[in-house]
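Hi,

Here is the structure I promised to pass on. Have a look at it first, and my notes follow below.

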Amino acid sequence: MDLDLAKADNEIINNKAYDQLAERWYEAQDDPIALLRNQHKLEMPWILEAIQKHIGPSAQILDMGCGGGFLSNDLAAAGHHVAGIDLSDSSLKVAESRDHTHSVKYQVGDVYQVPFPDQSFDVACAMDLLEHVSEPQRVLAEASRILRPGGLFFFNTFNKNQLANLVVIKSMEWFVKNTPDDYHVYSLFIKPKHLVEWMKAQDLNNAEIRGIRPVFLQKGIWSLLRTGEVPKDFKFTFSKSPLIAYTGYARKGAPM
């Protein structure tokens, strides 16, 4: 593992905050992790549909920076063969305990130096990861390395502009209880055009990017502002504009 890079990342952004969550990964409403859970609910059907369309009903998938296993466990439940890597041993234990299929292969692993051979997977996922690393191009290189030709790379991250800074960083600090210091850092946000360029340099050709944001006209917004807790029915939606956050996928090799 390139622990020097991981250590350097932790000096910029508070990645260690996830080590303390334990069962709060799945249960806390008074923590920004609840927003991530609800965002995942929107993304999951779209991810499964794209994998089904381009790969098939049973893919070999690597979840890079898998955290508490939201994505890995749902992919396994849908019939895929999943491995998840993360540097947080405590998060991996929670993820494993929530894997009802008992099939996900969780292990400690560094996204800068993925512990799998070349061309081991049909799909690689870096969801809510790229804004937590100081050298995202190296993560993209590893994703490309372990993907087979025609494989898919899924991503989700934040745009780099002052609106994203206000909504993602400042608003979370002001309104969501228990938001850790340096939970997100603006310098690590990424403009979509830069991500597309970086992916192309690693033979990952962008297929789709779609914006993702909270539903603004929902009761959950007012409840969050009033209580500091994220309602269980807090909703996100896809949007045409990637102005705040965006998700998408690329294909290794020839463009689609």
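I started with Phe175, which counts as partly exposed because its relative accessibility is 34%. Keep in mind that this is a predicted model. The ring of Phe175 pairs with that of Trp174: the centres are 6.2 Å apart and the planes sit at 85°, so the pair is edge-to-face. Trp174 itself comes out as exposed, at 56% relative accessibility.

That is one of 15 aromatic pairs found across the whole structure. Another is Tyr26 with Phe70, also listed as edge-to-face, with 5.0 Å from centre to centre and 85° between the planes. This one ties together distant parts of the chain, since Tyr26 is in helix H2 (residues 24-27) and Phe70 is in helix H4 (residues 70-77), 44 residues apart. Phe70 is buried at 10% relative accessibility, while Tyr26 is partly exposed at 22%. Both belong to a cluster linked by ring pairs, made up of Tyr18, Trp25, Tyr26, Phe70 and Tyr183.

Now the helices. H6 (residues 136-146) packs on H8 (residues 192-201) at about 45°, and their axes are 9 Å apart. The two are therefore oblique to each other, and their crossing is right-handed. On the H6 side the contact uses Pro136, Gln137 and Leu140; H8 brings Leu195, Trp198 and Met199. By type, that contact has five nonpolar residues, one polar and no charged.

H6 has several buried residues, among them Val139, Glu142 and Ile146. Besides H8, the buried residues of H6 pack against strands including E1 (60-64), E4 (121-127) and E5 (147-158).

Cheers

Conventions:
Residues numbered from 1 in each chain as written. Predicted model: local features only at pLDDT ≥ 70, side-chain atom pairs only at ≥ 80, totals over all residues. Heavy atoms only, no water. Axes fitted to C-alpha atoms, helices over the stretch in contact; angles between N-to-C directions. Helix = DSSP H or I, 4+ residues; strand = E, 2+ residues; numbered from the N terminus. Parallel < 35°, antiparallel > 145°, perpendicular 65-115°, else oblique. Left-handed = near helix turned anticlockwise from the far one by under 90°. Contact = heavy atoms within 4.5 Å. Nonpolar A, V, L, I, M, F, W, Y, C, P; charged D, E, K, R; others polar. Buried < 20%, exposed > 50% of the residue type's maximum accessible area, 1.4 Å probe, protein only. Phe/Tyr/Trp six-rings, centres within 6.5 Å; stacked < 30°, edge-to-face > 60°.
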